[in-house]
Amino acid sequence: MKDYSRHPFPEYLRIGIPVALSTDDRGMWDSNMTDEYFVAVREFNLSWSEMVQLGRNSITPRFRR
Amino acid sequence: MGLAQRREARQLHVPLQALQSLFQLARRFIGWAGLAFALASPCLASDWFEDFKKSATPDQLYAFLYALPKGGDLHNHLTGAARSEWIWDATLAQEKRGYVNYTKVAIHNCVPYGGNEYGRAPYMLLFRNLLAANYAKLNDCQKSEYKRLQDLDARGEGRLAQQPAPRPSRMKAVTSSSARTGNG
């Protein structure tokens with residue numbers, strides 16, 4: 001993807017689909033969770049409630065039955 | 001652009017100095033008590049965050065996000081999680097114990113047309129690794145396509161000099177190794 005404006009992430013997030021940020025292959029992409037959040041905040045202007053929601057989304061499915 | 005941008009932000013001396021200046025900035029906005037209250041209250045926290053996004057430098061933003069609890073990293077492949085430097089160091093350590101590895105750095109058309117490029121050992125794939133015992137079974141043409149892993153160092157060193165300093169924070173211990181894979 002050349003252009004972040006074409007990325008579906010903010011649309012999914014803002015219409016309520018549970019999404020979370022992940023690194024995929026941190027060794028291959030030379031990335032970490034801070035990098036992913038950094039890009040998301042800068043490119044998609046995440047609000048504080050969206051930041052909190054992303055954190056929740058990454059944890060709650062783990063405990064659901 | 002994402003990678004360059006992230007690299008740029010990561011060069012900064014992340015934790016201590018950046019965090020200090022970050023907290024000075026936060027204090028300017030609302031003071032310590034205000035910060036504690038803002039983090040406890042969703043409404044004020046969002047006001048603080050909007051102000052912070054407008055005024056923070058990239059390194060202040062990165063330092064803040066580094067310190068922020070970020071939940072879980074749900075999609076992270078074990079085989080892709082290791083940094084290439086870790087694998088490089090581990091492989092060279094094995095070499096001292098008798099496991100000499102060769103890697104393919106060139107294609108000299110040693111194999112006739114008709115091989116299976118979709119099989120387990122595609123001929124056209126570079127950086128395929130072989131143990132010395134399997135390397136020894138190759139013909140001379142094929143041997144000329146391979147190099148010992150530790151012999152990759154020479155060109156890797158030159159490229160390393162052009163690269164920016166290794167990442168500053170918690171990875172320091174790992175990247176301190178000067179060994180880097182070159183491309184043959």
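A residue is termed buried if 20 or more other C-beta atoms lie within 10 Å of its own, exposed if 12 or fewer do, and partly exposed in between, with C-beta atoms placed from the backbone. By this criterion, 12% of the 184 residues of chain B count as buried. For chain A, the figure is 32% of 65 residues. The model is a predicted one, in which local features need pLDDT of at least 70 and side-chain atom pairs count only at pLDDT 80 or more, while totals for chains, interfaces and linings use all residues. Residues are numbered from 1 along each chain as its sequence is written, and chains are lettered from A and ligands numbered from 1 in the order in which they are written.

Helices (H or I, at least four residues) and strands (E, at least two) were taken as DSSP runs and numbered from the N terminus. Chain A contains 4 helices and 0 strands. Chain B contains 10 helices and 3 strands, in the order α-α-α-α-α-α-β-β-α-α-β-α-α from the N terminus. Two residues are in contact if their C-beta atoms, placed from the backbone, lie within 7 Å. Of the contacts in chain B between residues at least 6 apart in sequence, 74% link residues at least 24 apart.

The two chains meet in a contact to which chain B gives 26 residues and chain A gives 23 residues. On the chain B side, helix H1 (2-10), H3, H4 and helix H5 (78-81) each provide at least two residues. H3(B) gives the most, with 5 residues. By class, this side has 12 nonpolar (Ala, Val, Leu, Ile, Met, Phe, Trp, Tyr, Cys and Pro), 5 charged (Asp, Glu, Lys and Arg) and 9 polar residues (the others, Gly among them).

A nonpolar core is a set of buried Ala, Val, Leu, Ile, Met, Phe, Trp, Tyr and Cys residues joined through C-beta atoms within 7 Å. The largest such core has 20 residues, of which Tyr37(A), Phe38(A), Val41(A) and Leu65(B) touch the most other members. Two or more residues each come from helix H3 (33-44) and helix H4 (48-63) of chain A, and from helix H3 (42-55) and helix H4 (58-67) of chain B. Beyond four places in sequence, Leu65(B) touches Thr34(A), Tyr37(A), Phe38(A) and Val41(A).

Tyr99(B) lies in the loop between helix H6 (84-95) and strand E1 (101-104) of chain B. Tyr99(B) counts as partly exposed because it has 13 C-beta neighbours inside 10 Å. Apart from neighbours within four places in sequence, Tyr99(B) is in contact with Gln94(B) and Leu131(B).
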